[in-house]
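I opened my notebook beside the model and jotted down what I looked up. Here are the entries, in the order I made them.

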Amino acid sequence: MIRLNDILEKVAAYNPGCDLDLLRKAYVFSAKVHQGQTRLSGEPYLVHPMEVAGILADLKLDLPAVVTGLLHDTVEDTLTTIEELDALFGPEVARLVDGVTKIGKIHFKTKEESQAENFRKMLLAMANDIRVILVKLADRLHNMRTLQYQPEAKQRAIAKETLDIYAPIANRLGISWVKGELEDLSFRYLEPQLYYDLASKVAKKKQERESYVSSVKEIIKKQLEEHGIKGEVSGRSKHLYSIYRKMQSRNVDIDQIYDLIAIRVNVDDIRECYEVLGIIHSTWKPIPGRFKDYIAMPKGNMYQSLHTTVIGPLGERMEVQIRTSEMHRVAESGIAAHWKYKEGGKGYDEKEVRRFTWLRQLLEWQQELDDSREFMDTVKVELFPEDVFVFTPKGDVKGFPKGSTPIDFAYSIHSDVGHRCVGAKVNGKLVPLKHELKTGDIVEVITSPHHTPSKDWLKIVKSSRARNRIRAWVKTEERMRSIILGREICEKEFRRYSVNFAKMSKTGELKRVAQEFGFQAEDDLMASVGYGKLSSNQILGKLLPAEKLEAAAEHKETRIGKVLDKLKGKSSSAIQIDGVEDVLVRFGKCCNPLPGDEIVGFITRGRGVTIHTRDCPFALDSEPERRIEVAWNKGTKSALPVKIRVVCNDEKGILAHIATAITNCEANISSASIQSTLDKRGENLFEVDVTDLGHLKRVFSSIMKVKGVITVERVKS
């Protein structure tokens with residue numbers, strides 16, 4: 001357990017002259033308010049804030065941040081108020097504690113919403129003071145170190161959230177040791193057997209590895225001395241999670257992972273970095289394609305270094321990282337390495353914080369996105385640093401997520417450039433818009449003043465900026481069309497009742513009706529009619545007496561209802577639609593929903609309601625205004641088509657056995673497509689009619705009993 005004196009010594013070492021009495025005061029206050037509270041481990045609760053403060057001191061943060069570490073749980077877990085902290089420790093500490101408290105204070109309906117909203121709170125807190133997130137990272141790190149005392153289900157949930165959310169934040173802030181420890185601890189609880197097996201294998205080779213590192217260090221030191229370069233050489237084993245990731249990506253065992261060792265050379269200046277690179281390459285043979293220059297092109301989290309992999313002594317691969325001492329400080333501590341101590345108690349340099357442009361972008365995006373799933377997609381794309389770097393024709397460098405296209409590049413310049421993009425040149429050659437950009441490409445956008453975005457672009461863009469701008473444009477266009485369509489419908493229907501639409505609009509009657517339906521303006525009312533959510537007769541019901549309406553027409557129908565009259569009998573009684581009756585229902589061929597699937601309705605102009613599964617990409621990309629709540633009608637059983645893929649051995653007669661297995665379950669085969677592969681296997685696509693998920697499972701079970709069948713799966717495309 002860390003002691004107060006340990007924290008005081010750490011802070012005094014890097015911040016001499018600061019008011020250590022404030023730390024002592026915070027310690028006494030925290031001990032007093034947490035008195036009697038214990039953690040699941042049985043230790044006094046005070047151990048936790050002490051450890052958090054110790055981690056913040058290791059990051060060399062300023063005094064208010066370390067004081068916040070001691071006090072971060074006082075408002076949430078005791079009767080302490082923000083006002084009380086303000087009076088005792090000043091407004092800066094009170095503001096930081098408030099920021100940390102808000103992150104963990106809100107309760108949510110679902111895990112997914114919880115993660116998304118939690119992230120929003122974090123980002124909003126960062127906007128005011130990035131130290132809030134550093135305190136939260138320290139808090140999570142200590143909680144992960146003591147996770148063994150939590151129930152198993154909670155261990156997995158916390159570890160998953162840490163791996164998905166907190167480790168990438170630590171990485172994006174450039175704090176590599178925190179990121180590495182969070183990843184290893186998460187790995188330990190998410191895949192315990194794999195973790196301990198890997199740890200055991202790595203430990204067995206520890207002595208052999210240490211001997212190898214020692215000999216390599218001596219060789220490099222001798223070479224540096226011969227060339228008159230002063231440098232520090234160190235070696236380390238890569239942490240377990242990074243080894244595991246390599247094993248997974250390469251599909252090999254640990255014995256086939258050769259670059260488990262990383263040698264680091266720290267020198268005085270950039271010129272010497274490249275000199276050392278030449279020395280390393282002349283001593284050992286470099287592996288083609290394994291050299292990365294992060295000095296000329298730094299990572300988004302400010303990380304700079306030269307990376308090269310060479311065939312070292314005994315023919316083993318080893319990675320060598322070459323950097324200056326300042327680069328090393330940034331690599332280990334990230335943004336914390338750029339903390340500036342100023343007079344007047346300001347703990348950070350605004351100029352340095354501004355370097356995190358990705359943070360400002362996320363803040364802008366989270367304000368634009370209402371849907372939690374959509375926001376999490378944005379965040380996960382931007383947090384994981386699998387970037388490609390391309391050049392503008394002027395030589396500026398732009399970073400994008402892996403798989404980005406010229407459309408992403410166009411939107412990074414300006415929204416109008418993105419909207420008008422019709423093509424691109426990459427390295428001087430014309431390429432299609434779906435072309436994937438690669439690091440080092442020189443990209444030039446071709447535009448046309450009359451061109452507009454396509455909704456299909458959403459399927460190929462990778463950057464959040466491009467996706468959000470396209471969605472916003474599509475949403476605006478759809479809304480304009482719906483307003484025009486709504487007006488046409490209302491004008492036509494109003495004439496049947498001898499009502500002057502223009503007059504009603506001019507006198508403000510339509511605005512009054514709009515407000516009665518909960519809309520702000522007349523256009524919102526018209527858009528709702530255009531989308532099919534409101535009927536013109538519902539509006540007339542607010543404008544005319546009931547007797548006049550009844551006399552004029554007995555048959556009152558929605559716009560979608562009119563289409564039904566033409567297509568009578570094609571609606572599906574398997575679906576109940578919230579608040580709407582007698583509506584044409586179709587099932588999306590992209591996902592083929594079945595009773596038992598979670599579903600959502602999507603209003604299609606002039607064609608009624610199309611049903612999709614909730615996870616269908618088409619439904620996720622649709623405008624929220626056109627979605628409608630639907631449910632399966634439990635009293636109705638009708639056969640619905642579903643596509644299945646059966647992979648089997650390519651044997652004589654096996655297709656007949658599979659077909660028999662399907663029909664024996666009273667499932668009709670509508671179509672079949674058969675294809676043989678080079679490895680003597682058959683890939684069979686069937687469209688079968690089943691009543692629900694239970695029926696489909698019985699079909700799957702029957703097919704799997706056929707000798708020679710390898711896999712059966714449902715296809716959604």
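I began with Asn-668, whose bridge partner in strand 20 is Asp-689. Strand 19 (residues 668–676) and strand 20 (residues 681–690) run antiparallel to each other, paired over 8 bridges. Two strands pair if DSSP finds at least two bridges between them, and a strand is a DSSP run of E of at least two residues, numbered from the N terminus. The two strands make a hairpin with 4 residues between them, and I noted that Lys-680 in the turn has a positive phi of about 60°.

A note on ground rules: this is a predicted model, in which local features need pLDDT of at least 70 and side-chain atom pairs count only at pLDDT 80 or more, while totals for chains, interfaces and linings use all residues. Residues are numbered from 1 along each chain as its sequence is written, and side-chain values use heavy atoms, with hydrogens and water left out.

Next I looked up Asp-597, in the loop between strand 13 (585–587) and strand 14 (599–604). Is Asp-597 buried or exposed? Asp-597 counts as buried because its relative accessibility is 12%; buried means under 20% relative accessible area, exposed over 50%, partly exposed in between (1.4 Å probe, protein chains only). Leaving aside neighbours within four places in sequence, I found Asp-597 in contact (heavy atoms within 4.5 Å) with Asn-592, Thr-613, Trp-632, Leu-693 and Arg-714.

Last, I checked two charges over rings (NZ of Lys or CZ of Arg within 6 Å of the ring centre and within 35 degrees of the ring normal). Lys-25 has its charged end over the ring of Phe-89, 5.4 Å from the centre. Lys-542 lies over the face of Phe-517, 5.3 Å from the ring centre.
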